[in-house]
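User: I have a chain open that I have not looked at before. Can you walk me through it?

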Amino acid sequence: MGNSHWFVRGFASRQPSRAAKLAALRLPALTLLLVIPVAPVGSQHPGVDAALVGLGTLILLLAPSRNNVAVRGMARIGDISYSLYLIHWPVLVYVRAVWLAEPPALAIYAAVAFSFVASLALHRFVEEPFRQGLVMSRRRMASGLLAVSVYSRLRTLSRNCRNPK
């Protein structure tokens, strides 16, 4: 991934006219990236859909723009991507478990939105402090872990009381 960054930067700087032509394709490329996950074109995954997403991504990489709102938004998603990766799966699994069948589209959209908000908070309050070396004192860390453990145990006990086996 790191090498592709240098390739793309080199391509854009050596070929300014080509990059300018590709700049006109930014909006259609972004539209592809936003529409394909919601309304797929092909029937199987590594087919037309994957090719269209790859093409849209390639266009956005070859025609970069720092003042573009879409690019800044995607950069922000890149910043929170690890937190989003950690959070989205348990949230979506929980939503599916609640419905015991295929959940309605609104529930999935709400789960994705919640995942984004929770990952922003995780990035801001957990990742960044650790990255900047602002690790908490041992006492504060231990009290936080104790609070989470007590809460988890009480939650489990309350579920067992409501649903005795």
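User: In what order do the elements of the chain run from the N terminus on?

Analyst: They run α-α-α-α-α-α-α-α. That comes to eight helices and zero strands. Keep in mind that this is a predicted model.

User: How much of the chain counts as buried?

Analyst: Of its 165 residues, 21% count as buried. The accessible surface is about 12600 Å², and carbon and sulfur atoms make up 68% of that surface.

User: And the contacts, what share comes from residues 24 or more positions apart?

Analyst: Taking the contacts with a separation of 6 or more, 60% are between residues 24 or more positions apart.

User: Now the helices. At what angle do α6 and α7 cross?

Analyst: Roughly 145 degrees. Helix α6 covers residues 81-99 and helix α7 covers residues 105-131, and their axes come within 8 Å. The crossing of α6 and α7 is right-handed.

User: Which residues meet there, in α6 and in α7?

Analyst: From α6, the list includes Leu84, Ile87, Val91, Val95 and Trp99. On the α7 side, Ile108, Val112, Phe116, Ser119 and Leu122 are among them. By class, the contact of α6 with α7 has 15 nonpolar, five polar and two charged residues.

User: Take serine 119 from that list. Is it buried or exposed?

Analyst: Serine 119 is buried, at a relative accessible area of 0%. This residue is found in helix α7.

User: What does serine 119 touch?

Analyst: Leaving out residues up to four places away in sequence, serine 119 touches Ile80, Ser83, Leu84 and Ile87.

User: Different topic. How many salt bridges are there?

Analyst: The count comes to two salt bridges. In general, side chains of opposite charge can pair when their charged atoms come close.

User: Which residue does arginine 96 pair with?

Analyst: Arginine 96 forms a salt bridge with glutamate 102, and the closest N and O atoms are 3.1 Å apart. Arginine 96 is partly exposed at 41% relative accessibility, while glutamate 102 counts as exposed at 59%. Arginine 96 is also one of the α6 residues that meet α7.

User: And what about aspartate 79, which residue is its partner?

Analyst: Aspartate 79 forms a salt bridge with arginine 76. Here the closest N and O atoms are 3.9 Å apart, and the cut-off for a salt bridge is within 4 Å.

User: Where do aspartate 79 and arginine 76 sit relative to each other?

Analyst: Both are in helix α5, residues 69-79. They are three residues apart, so about one helical turn separates them. Aspartate 79 is partly exposed, with a relative accessible area of 42%. Arginine 76 is partly exposed too, at 37% relative accessibility.

User: Last one: leucine 100. What is its phi?

Analyst: Phi of leucine 100 is near 55 degrees, which is a positive value in a residue other than glycine. Most residues other than glycine have a negative phi.

User: Where does leucine 100 lie?

Analyst: Leucine 100 lies in the loop between α6 and α7. It is exposed, with a relative accessible area of 76%.

Terms used: Residues are numbered from 1 along each chain as its sequence is written. This is a predicted model: local features need pLDDT of at least 70, side-chain atom pairs count only at pLDDT 80 or more; totals for chains, interfaces and linings use all residues. Side-chain values use heavy atoms; hydrogens and water are left out. A salt bridge is a side-chain nitrogen of Lys or Arg within 4 Å of a carboxyl oxygen of Asp or Glu. Helices (H or I, at least four residues) and strands (E, at least two) are DSSP runs, numbered from the N terminus. Buried means under 20% relative accessible area, exposed over 50%, partly exposed in between (1.4 Å probe, protein chains only). Contact means heavy atoms within 4.5 Å. Accessible areas come from the Shrake-Rupley method with a 1.4 Å probe; for residues, only the protein chains shown count as cover. Axes are lines fitted to C-alpha atoms, for helices over the stretch in contact, and angles run from 0 to 180 degrees between N-to-C directions. A crossing is left-handed if the near helix is turned anticlockwise from the far one by less than a right angle, and right-handed if clockwise. Ala, Val, Leu, Ile, Met, Phe, Trp, Tyr, Cys and Pro count as nonpolar, Asp, Glu, Lys and Arg as charged, and the others, Gly among them, as polar.
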